[in-house]
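Subject: Structure handover

Hi there,

Here is the structure I promised to pass on to you.

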Amino acid sequence: MKYKAIIYDMDGLLVDSMIHWLELDRIFFEPRGIKITEDLVRQLTGKSEKENLAFLKKEFNMGIEMDDLFAKRREHIDIIYREKTIDMPGVDVLIKKAKEIGLKQAVASGAPHHTIKIVAERFGWVDHFDELLSVEHVEHRGKPEPDVFLHTAEKLGIKPEECVVLEDAENGVVAAKRAGMACIAVPDKRWSFGDFSEADLVVDSLENKEVYKFLSIDLD
């Protein structure tokens, strides 16, 4: 096989959580004059909470009020992962097929590490992943910086060029290519705004057989 590892984003790729994130952001941000636009979603996606907090403070000239806002918002986040979100179509089958043929697998997400663990445990994927990693592990340097993907490859003991990243956001695709990795983009028309032309393959779902062909996984 050309590739030895699959690195998965989490929000919008493994689980259908972005719709809940956008709803939460509208509830907390829009009453305070921060409109959730396509451009703002592109700016925030894939980055750490620390980076997003700093960006919003600067962009909207809000100080301690933004810290309080994030603290209140944080109380609702675990509920998204524990109760509301569902797994994306085709994800469970792909994870299990990849495990069967011996591909290394990891999650590399802008989400907090504890929420990644919640998802892996809730959907029964813990034993299928070799690593569960967050931008918290790379000093909160989120996507489009390549740090979290390079760190993941190092932890897996796999060369970057032997890794395939699965992403649903422009920032993630850019980060994957900066890391020297192949990338399959799975944009969601509900919220995946941006340019996915850098991806090696673009599909509308992980159920698409082209994904398995790219990864050299036999569906039979």
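First, the ground rules. This is a predicted model, in which local features need pLDDT of at least 70 and side-chain atom pairs count only at pLDDT 80 or more, while totals for chains, interfaces and linings use all residues. Residues are numbered from 1 along each chain as its sequence is written, and side-chain values use heavy atoms, with hydrogens and water left out.

**Pockets and the cavity**

A word on method: rolling a probe the size of a water molecule over the atoms shows where empty space is left. The search used a 1 Å grid over the protein atoms alone; a cavity is a set of points where a 1.4 Å probe fits but cannot get out, a pocket is an open set with protein on both sides within 12 Å along at least five of seven lines, and lining residues have an atom within 4 Å of a point. Grid points are joined across faces, edges and corners, and a volume is the space filled by probe spheres set on the points.

The largest pocket has a volume of about 600 Å³. It is lined by 39 residues, and those closest to its centre are Trp21, Lys47, Asn52, Arg73 and Gly110. At least two lining residues come from each of α1, α2, α3, α4 and α6 (113-122), with α4 giving the largest share, six residues. (Helices, H or I with at least four residues, and strands, E with at least two, are DSSP runs numbered from the N terminus.) By class, this lining has 16 nonpolar, 11 polar and 12 charged residues. Here Ala, Val, Leu, Ile, Met, Phe, Trp, Tyr, Cys and Pro count as nonpolar, Asp, Glu, Lys and Arg as charged, and the others, Gly among them, as polar.

The second largest pocket holds about 170 Å³ of space. Its lining includes Gly12, Met88, Asp168, Arg190 and Leu206, and the lining residues divide into six nonpolar, two polar and four charged.

How many cavities of 30 Å³ or more does a search of the whole structure find? There is one, and about 60 Å³ of space lies in the largest cavity. Val41, Arg42, Thr45, Ala169, Glu170, Asn171, Trp191, Ser192 and Phe193 line it, and the elements that give two or more residues to this lining are α2 and α8 (170-178). Four of the lining residues are nonpolar, three polar and two charged.

**Two helices**

Helix α1 covers residues 18-29, and its end C-alpha atoms are 16 Å apart, in agreement with the 16 Å that its 12 residues should span at 1.5 Å a residue (the expected span is 1.5 Å times one less than the number of residues). Its buried residues are Met18, His20, Trp21, Leu22, Leu24, Asp25, Phe28 and Phe29. Buried means under 20% relative accessible area, exposed over 50%, and partly exposed in between (1.4 Å probe, protein chains only). Among the elements that cover them are α2 (38-44), α3 (49-60) and α4 (64-84), where contact means heavy atoms within 4.5 Å.

In helix α5 (residues 91-100), Val91, Leu94, Ile95, Lys97 and Ala98 are buried. They cover an arc of only 165° around the axis, so they sit on the same side of α5; the arc is that of the directions from the helix axis to the C-beta atoms. Against these residues pack β1 (5-8), β2 (104-109), β4 (163-167) and α9 (209-215).

**Single residues worth a click**

- Ile101 is in the loop between α5 and β2, and its 35% relative accessibility makes it partly exposed. Leaving out residues up to four places away in sequence, Ile101 touches Met1, Ser216 and Ile217.
- Ser216 lies in the segment after α9 and has a positive phi of about 60° although it is not a glycine.
- Phe55 belongs to helix α3 and touches Leu40, Gln43 and Leu44, neighbours within four places in sequence aside.
- His140, in the loop between β3 and α7, also has a positive phi, near 65°.
- The peptide bond from Lys143 to Pro144 is cis, with omega near 20°.

Best wishes
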